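Hello,

Here is the structure I said I would pass on to you. Please open it first, then read the notes below with it on your screen.

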Amino acid sequence: MQSMTHGSIGNVKCFLAALGLAMVAASGCGGNPVVVNGDKPASEPLPAGAIAQSSPEASDVLRQLLKTYREAKSYSDDGQVVLRFRQNGELMESKWKTAVRFERPNRLFVEAYQVTIGCDGKELRGRIQDEASGEDGDQILVRPAPQELKLKDLAIDPLLYENLSSQLRRQPIQLELLLESQGLASPLRGDVACKLLEYSQVEGQLCRRVEVPSPGGSFIFWVDAKSSLLRRLEYPVAALLPALAQDAAVKDISLTAELTGAELNPAIPPEQFTLAIPTGAKKMKSLVMPPQPLPSDLFGQQTGDFFFTQ
């Protein structure tokens, strides 16, 4: 893969900024689009006889999906959000990590966008990486761990939650499925006007694909036919990236959550839920926005002698 130059991504940056997905100009940091060789990857071909004669209803697939996550004792993945599109014929790709480890009732480790959260059952800690420098800020959120972790516990700090949600305006889908939530997962509890699509494969796993309508467009859930784990989620890209979708030079846009390596009930060592406190970091009950740099070094300086001329 070849990194794009600053000039070649200029038009795309404003669209990505609408998502708030840590895009930077020409620093080469993670998140910059890169040119991808070959075509946009489609679903994997199905082996002969892979689909059973009888298929469940779409609503049944979604209810079983939610049941699987809510009954899971532990869970882990190496998830990421992936944006792909063609610009002037070149296939472009950007990726952002959204990995989750979880163990009931109150252990969690999340790496998503600029945010890292660790809850080891004793303390809930969180920090935000500075996207300009690529370094961790000098603040770290430290709070007592709840007895049972819920999504509202992650939203208790507004600044941390804002960065966790990005401009997608929702936290990683794994968290909504695993924890008690009123977000994207809530419609899965009841009857939904959803549609069962053709079967396909992800990571060699046969998946049932379910289209779930929303006011902004359809979500497509790729649900493992054997384990009922979510392998992929397709977002309604036209609603989330309208300017990009309407650009005549841009084709074949997709925005997906790829839940690579998703595993149900793995044994996770306790230390993998601990977020270390960096040397010199300030322990905070609430994170605060750091002061922004002054637009000029002249601010705050005393002026010298001057006079007006005609």
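**The loop around P266**

P266 is found in the loop between β16 (263-264) and β17 (282-284). Keep in mind that the model is a predicted one. Is P266 buried or exposed? Its relative accessible area is 10%, and since buried means under 20%, P266 counts as buried. In sequence P266 and F102 are 164 residues apart, yet from C-alpha to C-alpha they are 9.5 Å apart in space.

The loop between β16 and β17 also holds N265. With a relative accessible area of 43%, N265 is partly exposed. N265 is not a glycine, but its phi is positive, about 55 degrees.

**Backbone angles to check**

Some background for this part: most residues other than glycine have a negative phi, and most peptide bonds are trans. N88 is another residue to look at here, with a positive phi near 50 degrees although it is not glycine. N88 lies in the loop between β4 and β5, and its relative accessibility of 64% makes it exposed.

A248 can be looked up together with N88. In sequence the two are 160 residues apart, while in space A248 and N88 are 8.9 Å apart, C-alpha to C-alpha. A248 sits in the loop between α7 (242-245) and β15. A248 is exposed, at a relative accessible area of 66%.

Which peptide bond is cis? The bond from R104 to P105 is cis, with omega near 5 degrees. P105 belongs to the loop between β5 (90-103) and β6 (107-112).

Start with strand β13 (residues 219-224). Six of its six residues are buried, and the strand is mostly covered. In a regular strand the side chains alternate between the two faces of the sheet. In β13, F219, F221 and V223 point one way, while I220, W222 and D224 point the other way, and all are buried.

β13 pairs with β12 (residues 205-212) in the antiparallel sense over six bridges. In this pair E211 stands opposite I220 of β13. The hairpin of β12 and β13 has six residues between the strands, and G217 takes a positive phi near 130 degrees there.

β13 also pairs with β14, again antiparallel, over four bridges. W222 stands opposite R232 in β14. Five residues lie between the strands in the hairpin of β13 and β14, where S228 has a positive phi near 60 degrees.

From β14 (residues 230-234) you can go on to β15: three bridges join these antiparallel strands. V82 stands opposite T256 in β15.

Why is β15 (residues 250-258) largely enclosed by the rest of the structure? Seven of its nine residues are buried, so the strand is largely enclosed.

**Cores, cavity and cysteines**

The largest nonpolar core has 56 residues, and L108, L154, F221 and L230 touch the most other members. Helix α2 (residues 58-71) gives the largest share of this core, six residues. Another core, of seven residues, lies apart from it; F109, I140, I268 and L275 are among its members.

Rolling a probe the size of a water molecule over the atoms shows where empty space is left. How many cavities of 30 Å³ or more does a search of the whole structure find? The search finds one. The largest cavity holds about 50 Å³ of space. It is lined by 11 residues, and the closest to its centre are V81, Y113, P172, I173 and Y235. Sorted by class, the lining has seven nonpolar, three polar and one charged residues.

Last, the cysteines. A search of the whole structure finds zero disulfides. C119 is buried, at a relative accessible area of 0%, and C207 is buried too, at 0% relative accessibility.

Regards

Methods
Residues numbered from 1 in each chain as written. Predicted model: local features only at pLDDT ≥ 70, side-chain atom pairs only at ≥ 80, totals over all residues. Heavy atoms only, no water. Buried < 20%, exposed > 50% of the residue type's maximum accessible area, 1.4 Å probe, protein only. Helix = DSSP H or I, 4+ residues; strand = E, 2+ residues; numbered from the N terminus. Pairing = 2+ DSSP bridges. Disulfide = S-S within 2.5 Å. 1 Å grid on protein atoms, 1.4 Å probe; cavity = no way out; pocket = protein on both sides within 12 Å on 5 of 7 lines; lining within 4 Å. Points joined across faces, edges and corners; volume = space filled by probe spheres on them. Nonpolar A, V, L, I, M, F, W, Y, C, P; charged D, E, K, R; others polar. Core = buried A, V, L, I, M, F, W, Y, C linked by side-chain atoms within 4.5 Å.
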